[in-house]
Structures are given as structure tokens and as C-alpha cells.
Amino acid sequence: MKFTRNLILTSVFLLSPVLFAMDSDLFGECPTSNTSCEFYRCKAAQQPCGKNGYWENFGIPYCEVFVKDEHKFSPDSQIWLQDVRLCLQVRLQETATGLTCSKIKKAAMHDHVSCYVDTGFCNLTMREQFKIMWYLKGALRDLKTWQEAELLRRACQNTYFPQ
């Protein structure tokens, strides 16, 4: 009896890292925050897509650079950065669970445009918009990023010049 109990306890202890990295349905949602990038690390553990997947190749690095350099932006842009960070995390929490890695990236990129517009990117000065885009220049190697940037440009144009 004691051997069986010890075997069960040892098994649970050894399996606990695996269990805690399982799907969010079992252990709750990843924590969203307007000041941190923990959400992306949590999602990368729950839905591993590797170094080229959205979490590790886009979500974590860009979130971290904006958090690190947030103080370099205007006060309005700092507020926007926090608002958009939270918006992106909340939307991805809703849309990414259970998707394949390629679909996570598509959903995330689509969420970027709507979150940018919904949180007031179009109301920032052109200088601040350009500065934000400059930080994202590495992502422009991907055609999908260019397509999303064009959708954002159109959305901002419609904000200023409704048809």
C-alpha cells in the first residue's frame, strides 16, 4: 500500500511539468496584461509552435521590445501601447486556443489590425505611427504583414476621410 502511494506521488511529481503545459481548458486561461508579455510565454507552453511559430517568432519578441522601449514613446503612444498590448492578448485568448500553428499566426495578424484601430492607432501623430512601424520593420519580411499594414493604412484613411 505504501509502495503504491509513493509510486503515485512520484508519478504526479514527475509528470507535473507536462501537466502544467497542457491545454488551457484544463488549467485556465493565460494571464493577459497591458504591462507584460507573460501571456505569450504561457501560450507558447500551451500551444508550442516552435521558433518560427507566432508565439516565439512574433508575439514574444515584439511584445518585449515594446515593453522595454515604451518610455521612448510619447505619453499618448505609451497609453496606446498598453491598450493595444491588452487588446491583442485578450483577442488571442479568445481566438487562438485549439488552432493549428499556421492558423494561430493568421488569426493573430488579423487581430492586429482591428486592435490597432480599436485602440486609437489612427489618432496618434504620423511621427508616432511611423516610429511604431519602424519597430515592426523586421516583420515586413512576411507578405502577410504587408497585407495587414495595407489594411491598417486603409482603416486609418477611412477614419480621417470616410467614404
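Predicted model: local features only at pLDDT ≥ 70, side-chain atom pairs only at ≥ 80, totals over all residues.

1. Residues are numbered from 1 along each chain as its sequence is written, and side-chain values use heavy atoms, with hydrogens and water left out.

2. A search of the whole structure finds one cavity of 30 Å³ or more, and the largest cavity holds about 200 Å³ of space. Here a cavity is a set of points, on a 1 Å grid over the protein atoms alone, where a 1.4 Å probe fits but cannot get out, and lining residues have an atom within 4 Å of a point. Grid points are joined across faces, edges and corners, and the volume is the space filled by probe spheres set on the points.

3. Which elements give two or more residues to the lining of the largest cavity? They are helix H4 (54-69), helix H5 (75-95) and helix H6 (101-118), where helices are DSSP runs of H or I with at least four residues, numbered from the N terminus. H4 gives the most, with six residues. The lining has 15 residues in total, and Tyr 62, Cys 63, Phe 66, Leu 88 and Tyr 116 lie nearest the centre of the cavity. By residue class, the lining divides into 12 nonpolar, two polar and one charged; Ala, Val, Leu, Ile, Met, Phe, Trp, Tyr, Cys and Pro count as nonpolar, Asp, Glu, Lys and Arg as charged, and the others, Gly among them, as polar.

4. The structure holds 14 aromatic pairs, a pair being rings of Phe, Tyr and Trp (its six-membered ring) with centres within 6.5 Å, called stacked if the planes are under 30 degrees apart, edge-to-face if over 60 and tilted for the rest. One of these pairs, Tyr 40 with Trp 55, is tilted, at 6.3 Å centre to centre and 50° between the planes. This pair links distant parts of the chain, since Tyr 40 is in helix H3 (residues 38-46) and Trp 55 in helix H4, 15 residues apart. Tyr 54 and Trp 55 form an edge-to-face pair, at 5.5 Å centre to centre and 75° between the planes. Ring pairs also link Phe 39, Tyr 40, Tyr 54, Trp 55, Phe 58 and Tyr 62 into a cluster.

5. Why does Tyr 40 count as buried? Its relative accessible area is 3%, and buried means under 20%, exposed over 50% and partly exposed in between (1.4 Å probe, protein chains only). Trp 55 is likewise buried, at 1% relative accessibility.

6. Glu 70 lies in the loop between H4 and H5 and is buried, with a relative accessible area of 11%. The side chains of Glu 70 and Gln 82 are joined by a polar contact of 2.7 Å, a term for a pair of N or O atoms within 3.5 Å in which, within protein, one must be able to donate a hydrogen and the other to accept it, and residues adjacent in sequence count only if both atoms are side-chain atoms. Leaving aside residues up to four places away in sequence, Glu 70 touches Gln 78, Leu 81, Gln 82 and Arg 85, contact meaning heavy atoms within 4.5 Å.

7. His 71 is also found in the loop between H4 and H5, but His 71 counts as exposed, at 57% relative accessibility. The side chain of His 71 reaches the backbone oxygen of Lys 68 at 3.3 Å.

Key. 1 Å grid on protein atoms, 1.4 Å probe; cavity = no way out; pocket = protein on both sides within 12 Å on 5 of 7 lines; lining within 4 Å.
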